[in-house]
Amino acid sequence: MAQADPRQVARDAAGPTAAAMARRLGPGNALEVAGVTTDALGQGHVRYQQTYRGVPVFEGEAIVHVDLRTGTVLDTTNATLGFGPIALQASLGENDAHGRAMEHFRLPAGLASRRTLMVMVDNGVASVAWQVRAEGEDARGAFHKVALVDANGRGVLRAWDNLETTAAT
């Protein structure tokens, strides 16, 4: 008899827990599988991305931890974000969001970027934002800039450099 795929065992066991978590978040919310890992302890970890009407929620995540031997849920890590209903219309297009992010970072407007429409939640209040990611090198060195640009014209809401560096040893 073939052994069951541990990643599938984890997904199957975690599914009902994730569905219940999504229902508690309210209408329009869902948890979509973002990845499954297993470890040497015999546990599976199913990572979920929170979405609202199909749009990812920035920093909205959950992980369901499963005992692969018994197929039971051991624990959950719940970093989902609650908020009321919102409209997902964006009056600012992705190209304009790209321009605002490049201007904020003082990078050339022609630099390529990845842009994703997201729901951003701040103190329980949700808004729609473009996540703009640009990476490359300039005279200052390597960079991986990330900006959240309000999709309805309020400008850059948050911005940071995602590049990790370490000192040479």
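## Strand pairing and a buried histidine in a predicted model

Strands E6 and E7 (residues 141–150) are paired in the antiparallel sense, with ten bridges between them. This pairing is read from a predicted model, in which the protein is made of two helices and eight strands. Read from the N terminus, the elements follow the order α-β-β-β-β-α-β-β-β-β.

**The E6 and E7 pair**

- The link between E6 and E7 is a hairpin, in which two residues connect the strands.
- Within this pair, Val132 has Ala147 of E7 as its opposite residue, while Ala129 is placed opposite Asp150, which also belongs to E7.
- Is E7 largely enclosed by the rest of the structure, or largely open? Strand E7 is largely enclosed, because eight of its ten residues are buried.

**The E5 and E6 pair**

- Strand E5, which covers residues 114–122, runs antiparallel to strand E6, which covers residues 125–138, and nine bridges join the two.
- Opposite Thr116 in this pairing stands Gln131, a residue of E6.
- E5 and E6 also form a hairpin, with two residues between the strands, and in its turn Asn123 has a positive phi of about 55°.

- Leu148 is found opposite Arg158, which lies in E8.

**His98 in helix H2**

- His98 is part of helix H2, which spans residues 94–105.
- Is His98 buried or exposed? His98 counts as buried because its relative accessibility is 7%, and the cut-off for a buried residue is under 20%.
- Which residues does His98 touch, when those up to four places away in sequence are not counted? The residues touched by His98 are Ala109, Leu111, Ala112, Ser113, Arg115 and Val132.
- One of these contacts, Arg115, is 17 residues from His98 along the chain, and the C-alpha atoms of the two residues are separated by 7.4 Å.

**The protein as a whole**

- The radius of gyration of the protein is 19 Å, whereas a compact globule of 169 residues would have a value near 15 Å.
- Taken along the principal axes, the box filled by the C-alpha atoms of the protein is roughly 60 × 50 × 30 Å.
- Of the 169 residues in the protein, 38% are buried, and the accessible surface comes to about 9900 Å², with carbon and sulfur atoms contributing 49% of that area.
- Among the contacts in the protein with a separation of 6 or more, 45% are between residues 24 or more positions apart.
- The protein carries 16 positive and 18 negative side chains, and a distance of 4 Å lies between the centres of the two sets.

Definitions and conventions: Residues numbered from 1 in each chain as written. Predicted model: local features only at pLDDT ≥ 70, side-chain atom pairs only at ≥ 80, totals over all residues. Heavy atoms only, no water. Pairing = 2+ DSSP bridges. Helix = DSSP H or I, 4+ residues; strand = E, 2+ residues; numbered from the N terminus. Rg over C-alpha atoms; globule rule 2.2 N^0.38 Å. Buried < 20%, exposed > 50% of the residue type's maximum accessible area, 1.4 Å probe, protein only. Contact = heavy atoms within 4.5 Å. Areas by Shrake-Rupley, 256 points an atom, 1.4 Å probe, with all protein chains shown as cover. Lys, Arg positive; Asp, Glu negative; His and termini not counted. Charge placed at Lys NZ, Arg CZ, Asp CG, Glu CD.
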